[in-house]
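Subject: Structure for you to look at

Hello,

I am passing on the structure we spoke about. My notes on it follow below the display.

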Amino acid sequence: MNPGRTLLGAGDGLLDRILCAAGAVLFSQMPEFMQQYLQRLGGHLDEARRNLQQFRDTAAHSGLTLDHFIAQTTANSDPAVAKLAGVMTQAVIRVDDLAAAQAAITHASLWSRPFVFLRHIDPAIAQATWGIFRPAVPTTLEGLVYALAGMLVLLAVYHLGIKYPCSRAFRGRAKRGEARA
């Protein structure tokens, strides 16, 4: 029995356990981050809708739809007033974009949610979410699935990307050494 090989085997088992725990902890935070992001996104959407409603109310008080109000404001000879049309148009676009992102992320399946999240992410909202993010232990099925995925990903990276190539290199070097002897 080779004591060095036994010691390395014990260390390898410990490393596997550490990688499993690290993968589970890291990946299980993804649903928590997405949940906190969705809360901030919802707040941004509520505020954008409130701002847009003020424009709609102003248009209605003038007997116009918002589209007609924007068109008249655009055609105004005063450049400052004409620029207001761009602000109103951007408010409409912002509400549409935020609502589409919220609906897409909320209604995505467990398996597609991370990809949908990345496709619809607003960098400013993500950065603000990250600034106040607090890790949590998710107790949902989604958290469990992400934890298991994290375990598998880190183990696969270690075994296929580090351990297997290194062991092949050492075996190849050992065979070349035996052939010379």
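In which helix is the place of Glu32? Glu32 sits in helix H1. Please keep in mind throughout that this is a predicted model.

Overall picture

The protein has 6 helices and 0 strands. Read from the N terminus, its elements run α-α-α-α-α-α. Of the 181 residues in the protein, 28% are buried. Among contacts with a separation of 6 or more, 76% are between residues 24 or more positions apart.

With a relative accessibility of 18%, Glu32 counts as buried, because the cut-off for buried is under 20%. Leaving out residues up to four places away in sequence, Glu32 touches Phe133, Arg134 and Ala136. Glu32 and Pro135 are 103 residues apart in sequence, yet their C-alpha atoms are 7.2 Å apart in space.

Gln29 also belongs to helix H1, which covers residues 3-61. Gln29 has a relative accessible area of 15% and is therefore buried. Apart from neighbours within four places in sequence, its contacts are Phe133, Pro135, Ala136 and Pro138. A polar atom of the Gln29 side chain lies 2.7 Å from the backbone oxygen of Ala136.

Helix H5

Helix H5 spans residues 123-132, and its buried residues are Ile125, Ala126 and Thr129. These cover an arc of only 100° around the axis, so they are on the same side of H5. The face turned away from that buried side carries exposed residues, namely Pro123, Ala124, Gln127, Trp130 and Gly131.

At the start of H5, the backbone nitrogen of Ala124 has a side-chain oxygen of Asp122 within 3.0 Å.

Thr129, which lies in H5, is buried with a relative accessible area of 1%. Not counting residues up to four places away in sequence, Thr129 touches Phe33, Gln36, Tyr37 and Arg40.

Helices H3 and H4

How do the axes of H3 and H4 cross, and within what distance do they come? The axes of helix H3 (residues 79-107) and helix H4 (residues 113-120) come within 8 Å and cross at roughly 170°. Angles over 145 degrees count as roughly antiparallel, and H3 and H4 are therefore roughly antiparallel to each other. On the H3 side, the contact is made by Ala101, Ala104, Ile105 and Thr106. On the H4 side, Arg113, Val116, Phe117 and His120 take part. By type, the residues of this contact divide into 5 nonpolar, 2 polar and 1 charged.

Which residues of H4 are buried? They are Arg113, Pro114, Val116 and Phe117. Because they cover an arc of only 165° around the axis, they are on the same side of H4. Phe115, Leu118 and Arg119 are exposed on the other side of H4. Arg113, Val116 and Phe117 are buried and also belong to the contact with H3.

If you open the model, you could begin with Gln29 and the backbone oxygen of Ala136, which lies 2.7 Å from a polar atom of the Gln29 side chain. After that, you could turn to H3 and H4, whose axes cross at roughly 170°.

Regards

Methods: Residues numbered from 1 in each chain as written. Predicted model: local features only at pLDDT ≥ 70, side-chain atom pairs only at ≥ 80, totals over all residues. Heavy atoms only, no water. Axes fitted to C-alpha atoms, helices over the stretch in contact; angles between N-to-C directions. Helix = DSSP H or I, 4+ residues; strand = E, 2+ residues; numbered from the N terminus. Parallel < 35°, antiparallel > 145°, perpendicular 65-115°, else oblique. Contact = heavy atoms within 4.5 Å. Nonpolar A, V, L, I, M, F, W, Y, C, P; charged D, E, K, R; others polar. Buried < 20%, exposed > 50% of the residue type's maximum accessible area, 1.4 Å probe, protein only. Polar contact = N/O pair within 3.5 Å; in protein donor to acceptor, adjacent residues only side chain to side chain. Arc of directions from axis to C-beta.
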